[in-house]
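Welcome! Here is a short tour of a protein for someone meeting it for the first time. Please take a look at the sequence and structure below before reading on.

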Amino acid sequence: MLHLLAYALLGTQSASASPISARWTQEECSNSPLRSLAEANQNRYFGTAFQTFYAADDRYTSILDTQFDQFTPENEMKWEVIQPQRGVFNWTGSDLVIAKAKEVGGIVRGHNFCWDQQTPSYVTNITDPDELKSVLKEHIDAVLGRYKDDLYAMDIINEPLNDNGTIKASVWYDVLGEDYLATCLQYARDAAPDLKLYINDYNIESVNNKSIALANIVKGFRANGVPIDGIGFESHFIGGSVPKDLQASMKQFTDQGLDVAITELDVRVPVNNAGIANSTWLQIQADDYSTVVQACLDNGNCPGVTIWEFTDAISWIPGVFAGQGAACPYGLEYEVKPALGAIASTLANGFSCGNGGR
Ligand SMILES: *[C@@H]1O[C@H](CO)[C@@H](O)[C@H](O)[C@H]1NC(C)=O
Ligand SMILES: *[C@@H]1O[C@H](CO)[C@@H](O)[C@H](O)[C@H]1NC(C)=O
Ligand SMILES: *[C@@H]1O[C@H](CO)[C@@H](O)[C@H](O)[C@H]1NC(C)=O
Ligand SMILES: *[C@@H]1O[C@H](CO)[C@@H](O)[C@H](O)[C@H]1NC(C)=O
Ligand SMILES: *[C@@H]1O[C@H](CO)[C@@H](O)[C@H](O)[C@H]1NC(C)=O
């Protein structure tokens, strides 16, 4: 059964969603927001990263409020934002994300605690293991003390591995060793027993040294009672290069009883100086989005897909990958791109939809 907690959270607003056995008309399918189409697929969610900087921008919110039923704070729950100095908390952005989810009847995936980036130097300077553990526990207790009833899941650990499968250098690994993974997860479980605890990473979307190493770590956790509920496949893809063995990689984890969520999907393609991609690339990109959404639908333990922003206007890609961009389903002017229709029709074909639906 798919994520029952989310089902409970969505219960009050899922009047638009039908159970899997229902037969929707073709018109209902094509006029439906992504969230309704996802909810009708065994109550999956369809989510987006949310930058609260745009929370008062009508162009942004008119899409945010209607298409999505899951939100991930793009920056607002990162350590440097939420506790920039020890004991000084800034809940402004994270409160807005929670409020948005409540307003539209959606759920929130929190993001994140243990990471090698965007962590303030009062933390990364610590060299004493006991002190580091107590600062970590303080932080987790404060954030989950405030939000444990408002979060469906959280990326407790973010990007812990190198591509060769070894554990990445960070204050956590350097001071606490490999045990930091279990410590971080256990503190979160203690603070929020019902929260789904995730490890989130990139380049694990195919069966490679990195994903195999993570699957082995998870196996050890399962054997030793370390709490873990899911793996986040970030899925920052390059147009035309979605791994052929994406589903096989997901199975490495779902076969162990975990969920695998697609957590940060975008598909970057070559763009001109104005940030625009040509029609060939936009179609390749649409097919890629479809492939990834289908991989989630095909796995009974994939609770949903989150895209890493829905509009090219504020995507992180052009700032990081020169000559690449246009990675989202809406364009620079919030116009609909082929990827949006590809996502919708993939979700619509996942259940009975007019004549000939499956
Ligand atoms: C708190 O965070 C918000 C963004 O989430 C930011 O705009 C604001 O400046 C921060 N406040 C302080 C006092 O740093
Ligand atoms: C952390 O260490 C760096 C380098 O020694 C120093 O510049 C910085 O002020 C330290 N940060 C804190 C909060 O102590
Ligand atoms: C993957 O691991 C194998 C050994 O297990 C090693 O030979 C190979 O170089 C590794 N590949 C990468 C990309 O690290
Ligand atoms: C694995 O990759 C990391 C980061 O690139 C590197 O520092 C480390 O030496 C590599 N380890 C092995 C065994 O290849
Ligand atoms: C789009 O650009 C690619 C090169 O990146 C080129 O091969 C393709 O023909 C172009 N398509 C159109 C419609 O211009």
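Predicted model: local features only at pLDDT ≥ 70, side-chain atom pairs only at ≥ 80, totals over all residues.

Residues are numbered from 1 along each chain as its sequence is written, chains are lettered from A and ligands numbered from 1 in the order in which they are written, and side-chain values use heavy atoms, with hydrogens and water left out.

**The overall picture**

- The protein has 15 helices and ten strands; these are DSSP runs numbered from the N terminus, with helices (H or I) of at least four residues and strands (E) of at least two.
- Of its 358 residues, 57% count as buried, where buried means under 20% relative accessible area, exposed over 50% and partly exposed in between, using a 1.4 Å probe and protein chains only.
- Among contacts (heavy atoms within 4.5 Å) with a separation of 6 or more, 77% are between residues 24 or more positions apart.

**Pocket and cavity**

- Both terms rest on a 1 Å grid over the protein atoms alone: a cavity is a set of points where a 1.4 Å probe fits but cannot get out, a pocket is an open set with protein on both sides within 12 Å along at least five of seven lines, and lining residues have an atom within 4 Å of a point.
- The largest pocket holds about 440 Å³ of space; grid points are joined across faces, edges and corners, and a volume is the space filled by probe spheres set on the points.
- This pocket has 24 lining residues, and Glu 159, Tyr 202, Glu 234, His 236 and Trp 316 lie nearest its centre.
- Strand 7 (236–238) and strand 8 (259–270) are the elements that give two or more residues to that lining, and strand 7 gives the most, with three.
- Eight residues of the pocket lining are nonpolar, nine polar and seven charged; Ala, Val, Leu, Ile, Met, Phe, Trp, Tyr, Cys and Pro count as nonpolar, Asp, Glu, Lys and Arg as charged, and the others, Gly among them, as polar.
- There is one cavity of 30 Å³ or more, and the largest cavity has a volume of about 40 Å³.
- Residues lining the largest cavity include Cys 114, Trp 115, Glu 159, Lys 168 and Tyr 180.

**Disulfides**

- The whole structure contains two disulfides, each a pair of cysteine sulfur atoms within 2.5 Å.
- Cys 114 and Cys 184 are joined with an S to S distance of 2.3 Å, and their link is right-handed, with 105 degrees about the S-S bond.
- That pair ties together distant parts of the chain, 70 residues apart: Cys 114 is in strand 3 (residues 107–114) and Cys 184 in helix 10 (residues 180–191).
- The sulfur atoms of Cys 296 and Cys 302 are 2.1 Å apart; this link is left-handed, with -100 degrees about the S-S bond.

**Buried residues**

- Ile 343 belongs to helix 15 (residues 338–349) and counts as buried because its relative accessible area is 0%.
- Leaving out residues up to four places away in sequence, Ile 343 touches Leu 34, Phe 46, Tyr 289, Val 293 and Pro 329.
- Leu 151 sits in the loop between helix 8 (129–147) and strand 4 (153–158), and is buried, with a relative accessible area of 3%.
- Helix 12 (residues 246–254) has buried residues including Leu 246, Met 250 and Phe 253; helix 11 (209–224) and helix 13 (279–297) are among the elements that cover its buried residues.

**Backbone details**

- Most residues other than glycine have a negative phi, and most peptide bonds are trans.
- His 111 and Asn 112 are joined by a cis peptide bond, with omega about 0 degrees.
- Asn 203, which is not a glycine, has a positive phi of about 60 degrees, and counts as partly exposed at 36% relative accessibility.
- Ser 235, also not a glycine, has a positive phi of about 70 degrees, and is buried at 0% relative accessibility.
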